Amino acid sequence: MLLAAAAILTAVPAGAETVVITAARMLDVDKGRIVERPVITVTDGRITAIGGAAPAGATQLDLGDVTLVPGLIDMHVHLDSTPLYGGYTGLQFTDNFWAAQGVGNAAAMLRAGFTTVRNVGSENYNDVAYKQAIEEGLMVGPRIVPAAHALGATGGHCDSTFFPPSFDQHGKAVGDTPDQLRFRVREQRKYGAEVIKVCATGGVFSRNTEPGQQQLSEAELKGIADEAHQWGLKTAAHAHGAAGIKAAIRAGIDTIEHASLIDDEGIRLAKERGTYLSMDIYNTDYTQAEGAKNGVLEDNLRKDREVAQIQRDNFRKATAAGVNMVFGTDAGVMPHKDAAKQFRIMVQYGMTPLQAIRAATVTAADALGRSKDVGAITVGRFGDMVAVSGDPLADVTVLERPAAVIKGGTRVN
């Protein structure tokens, strides 16, 4: 379908740098249709026009026979983590190794087409540092929404659980009352967090916790949600178990991460309250194939096996029920470069290709509260887009092989 002759325009500042991007096709994710021969004008990083003639003097970027989709959003990553060193094998490295290797992970995600990521938990405020370094031009990577340290209970999934008492290891954002956890919200925001991550239940890759085990009370979760919302921050709860999921939803948490063991009541609550589910249904393929070789302990692999198929089946149920679903991979548990492989699993378990793409674009942008910035190729938003060969509505796996990645109107891959 041809674009209308009249361009959709917005104001352009004098002396602004302008790029005009053209391609054979563009996916309009809002309307779910392919637009033929788009002409997209990007000025100082934001889209200022769609259609019409190219402004005089603008830089031309013709991508040829490709389909443009909005820059992808991964709502659950850990840039300073790697799957290559599981269990205790990471102790062979100095502390700052983890910050350093995250530089490559950020670049890998951008090359894979993810122009925005939400980093839900890091050590030593590494994700805040990555965001700052990228914005200062010192590092290559996506736009980052950082959570800094994840909040949790003493002995819970977000505490340090692998060491004996003599090491005196504690999570940096542990709290055991609503007031203590409110303080942790303020502390993380003070040092750069833009979303608050909390562990409501046990987890797969911690020690001495079980995924179904609730670890924070509803009152504690409500204290976190209320405090974060007071400061204008969104919240995300790691929650595998049904009870913890429902407590987090009732407490007002915005997104539920993993949601592996969600039950029918939890699905109903999420639908009624508009809560978003971020279900990482690809990474078990990697962890079961490579985890033991990488040093992951058998107890962790056992938990991974136990929840994997249940999570995928519940993803199908939640999708069919019409719950708000966002794209989140837990990259760091599996390689960051492979994040787009989750699209095909989402389609395998009940989504259409368009639904899967929307989960990683417009719906993710809504969940971030950043629909004016990212998630669609629309006037006013950043000029972030991915070029793929073929039709992603017919074959979603084309997203695994970007022909080009553009961030803010600049080709980065």
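Student: Among contacts between residues at least 6 apart in sequence, what percentage join residues at least 24 apart?

Tutor: Happy to start there! This is a predicted model, and in its protein chain 70% of the contacts between residues at least 6 apart in sequence join residues at least 24 apart.

Student: How many helices and strands does the protein chain have, and what makes it as compact as a globular protein of its length?

Tutor: The chain holds 11 helices and 19 strands. Its radius of gyration is 21 Å, close to the 22 Å that the globule rule gives for 413 residues, so the chain is as compact as a globular protein of that length.

Student: Why is K131 called buried?

Tutor: Buried means under 20% relative accessible area. K131 has 17%, so K131 counts as buried. You will find K131 in helix α2, residues 126-135.

Student: What makes the pairing of K131 and E194 a polar contact?

Tutor: The cut-off is a pair of N or O atoms within 3.5 Å, and the side chains of K131 and E194 are joined at 3.5 Å. Leaving aside neighbours within four places in sequence, K131 is in contact with I144, P146 and E194.

Student: How do you know that the span of helix α1 is close to the expected one?

Tutor: Helix α1, residues 97-111, has 15 residues and reaches 22 Å from first C-alpha to last, against 21 Å expected at 1.5 Å a residue. Its buried residues include Q101, G102 and N105, and α2 is among the elements covering the buried residues of α1.

Key:
Residues numbered from 1 in each chain as written. Predicted model: local features only at pLDDT ≥ 70, side-chain atom pairs only at ≥ 80, totals over all residues. Heavy atoms only, no water. Helix = DSSP H or I, 4+ residues; strand = E, 2+ residues; numbered from the N terminus. Buried < 20%, exposed > 50% of the residue type's maximum accessible area, 1.4 Å probe, protein only. Polar contact = N/O pair within 3.5 Å; in protein donor to acceptor, adjacent residues only side chain to side chain. Contact = heavy atoms within 4.5 Å. Expected span 1.5 Å × (residues − 1). Rg over C-alpha atoms; globule rule 2.2 N^0.38 Å.
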